[in-house]
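Subject: Structure handover

Hello,

Here is the structure I promised to pass on. Please open it and keep it on screen while you read my notes below.

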Amino acid sequence: MGRLTRTEMQGLNRAKVLAAARDEFAERGFRDAKIDSIAERAGLTRGGVYSNFPGKRALYFAVLADLAERAPEPPHPEPDRTAREALGALARAWVARLPLATDEQHGAARLSMDLMPEIIAEERTRQPFAQLMKLDAILLGLALERLRPSGTPPGRRVRVAEAVLTTLHGASQMAAAAPGFIEPFDVISVCEHLAGLDLGDGWAPPHVPWIPQARPADEPWSPPRAVDAVRGEPARLTGDGVVAILGLHRLEAVEEAVRAAPPGTQVTAVLVTGDPDELGPLARLAVADLCGCLWQAFPPSAWPRLQLVFDDSGALAAAAGVPAVSDATEVAIRIEAGRIVARADGRGACHAAASAGQPQTSPEGHRR
């Protein structure tokens with residue numbers, strides 16, 4: 001066997017650190033885990049750990065994201081599933097991961113017990129997490145909308161999705177704080193009943209005078225290969241559609257692109273951050289946690305027509321003409337025939353790029 005390249009060695013060391021940290025966090029919990037112990041388990045120096053991860057919290061997020069993304073893909077459910085059945089299956093998949101009162105204080109089942117305290121510890125993690133929950137609700141809401149019985153009027157289901165996710169995340173926190181208190185079958189039943197809840201949900205497009213106008217462009221579009229996190233397969237980036245480059249403080253803006261784009265338009269959200277080492281894994285974890293349950297509960301025909309791509313390196317953003325990114329980034333481009341034909345920047349960019357070339361509607365409802 002030949003000598004490993006520098007890149008291969010870095011990948012091997014990173015995998016060693018992740019495996020060692022997973023064992024350390026499982027045995028001791030996040031707060032009592034020690035970087036020196038992780039380094040010893042991995043057969044590396046303390047500096048070897050820090051050369052891969054900037055701190056213990058970033059390493060913790062990376063461990064949980066790695067586990068969530070490596071979960072085996074379950075068989076797809078039957079195609080004629082109702083929204084009530086899908087939400088029941090989603091809740092069953094979710095509560096199956098919760099620790100039981102009989103589990104050890106520390107162990108694999110309790111590995112994520114310290115996640116929420118670490119998220120709420122600082123504003124720099126709270127704000128991105130709030131937007132990640134908005135993104136999860138959009139994904140789940142779009143899936144619910146695609147299970148609408150034929151003949152029923154269209155309607156937004158994102159608020160129902162928010163209620164479902166509130167229930168499930170609340171169940172997770174109670175299972176961690178008060179083992180044995182949660183009755184899993186009650187959680188499942190609540191989520192099933194939420195399918196029929198009418199919250200008066202609706203979509204109001206942003207006021208036209210307040211959003212930027214998409215600028216015509218004629219630029220090459222040559223994106224690097226990427227993976228669609230919603231489906232776990234190569235993303236389709238070369239066809240016509242809308243690509244939104246979104247920082248972790250602007251994720252909910254992707255719904256503006258989805259709602260404004262003509263039917264059948266491919267919309268891709270490219271997630272970027274100014275802190276890829278810590279917030280990047282947190283983003284991957286939030287999406288993988290939901291999508292792992294979504295795959296078990298919703299037939300592929302109901303999966304949202306929205307691609308999600310993580311762009312920690314910024315390579316895809318650069319291909320879209322965005323050389324520098326931050327958590328406040330919002331840039332959207334429209335692709336036609338392999339060229340960038342329109343772009344918009346700032347708040348409202350997703351709506352502007354998605355609706356470029358279409359008649360605009362003013363706040364009074366008149367065509368412009």
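Start with two helices, H7 and H11: their crossing is right-handed. A crossing is right-handed if the near helix is turned clockwise from the far one by less than a right angle, and left-handed if anticlockwise. Helices (H or I, at least four residues) and strands (E, at least two) are DSSP runs, numbered from the N terminus.

Before going on, note that this is a predicted model, where local features need pLDDT of at least 70, side-chain atom pairs count only at pLDDT 80 or more, and totals for chains, interfaces and linings use all residues. Residues are numbered from 1 along each chain as its sequence is written, and side-chain values use heavy atoms, with hydrogens and water left out.

**H7 and H11**

H7 and H11 pack at an angle of about 25°, with their axes 10 Å apart. Axes are lines fitted to C-alpha atoms, for helices over the stretch in contact, and angles run from 0 to 180 degrees between N-to-C directions. The two helices are therefore roughly parallel to each other. The cut-offs are these: under 35 degrees is roughly parallel, over 145 roughly antiparallel, 65 to 115 roughly perpendicular, and the rest oblique.

Which residues of H7 and H11 make the contact? From H7 come Arg124, Thr125, Pro128, Phe129, Leu132, Met133, Leu135, Asp136, Leu139, Leu140 and Ala143. From H11 come Leu279, Leu282, Ala283, Ala286, Val287, Leu290 and Leu294. Contact means heavy atoms within 4.5 Å. By class, the contact of H7 with H11 has 15 nonpolar, one polar and two charged residues. Here Ala, Val, Leu, Ile, Met, Phe, Trp, Tyr, Cys and Pro count as nonpolar, Asp, Glu, Lys and Arg as charged, and the others, Gly among them, as polar.

Now look at Leu144. This residue lies in H7, which spans residues 123–145. Leu144 is buried, with a relative accessible area of 3%. Buried means under 20% relative accessible area, exposed over 50%, and partly exposed in between (1.4 Å probe, protein chains only). Leaving out residues up to four places away in sequence, Leu144 touches Ala83, Leu87, Arg157, Val160, Ala161 and Phe298.

**H4 and H11**

H11 (residues 279–297) also packs with H4 (residues 56–70). The angle is about 30° and the axes are 8 Å apart. That makes H4 roughly parallel to H11. H4 passes H11 in a left-handed crossing. On the H4 side are Phe61, Ala62, Leu64, Ala65, Asp66, Ala68 and Glu69. They meet Pro281, Leu282, Arg284, Leu285, Ala288 and Asp289 in H11. The contact of H4 with H11 divides into nine nonpolar, no polar and four charged residues.

**H5 and H8**

The axes of H5 (residues 83–95) and H8 (residues 158–177) come within 11 Å and cross at roughly 20°. H5 and H8 are therefore roughly parallel to each other. H5 passes H8 in a right-handed crossing. The contact is made by Leu87, Leu90, Ala91 and Trp94 of H5 and Val164, Leu168, His169 and Ser172 of H8. It has six nonpolar, two polar and no charged residues.

**Aromatic rings**

A pair of aromatic rings is described by the distance of the centres and the angle of the planes. Rings of Phe, Tyr and Trp (its six-membered ring) pair if their centres lie within 6.5 Å; planes under 30 degrees apart count as stacked, over 60 as edge-to-face and the rest as tilted. How many aromatic pairs does this rule give? The count comes to five. In one of them, the rings of Tyr60 and Phe61 have their centres 6.5 Å apart and their planes at 35°, so the pair is tilted. Tyr60 is buried at 0%, and Phe61 is buried at 0%. Trp295 and Trp303 form a tilted pair too, 6.4 Å centre to centre with 40° between the planes. Trp295 counts as buried at 14%, and Trp303 counts as buried at 7%.

Ring pairs also link Phe25, Phe30, Tyr60 and Phe61 into a cluster. Tyr60 is found in H4. Its C-alpha atom is 8.0 Å from that of Arg22, 38 residues away along the chain.

Ala337 sits in the loop between strand E7 (330–336) and strand E8 (339–345). Is Ala337 buried or exposed? Ala337 is exposed, with a relative accessible area of 71%. Its phi is near 50°, a positive value in a residue other than glycine.

Best wishes
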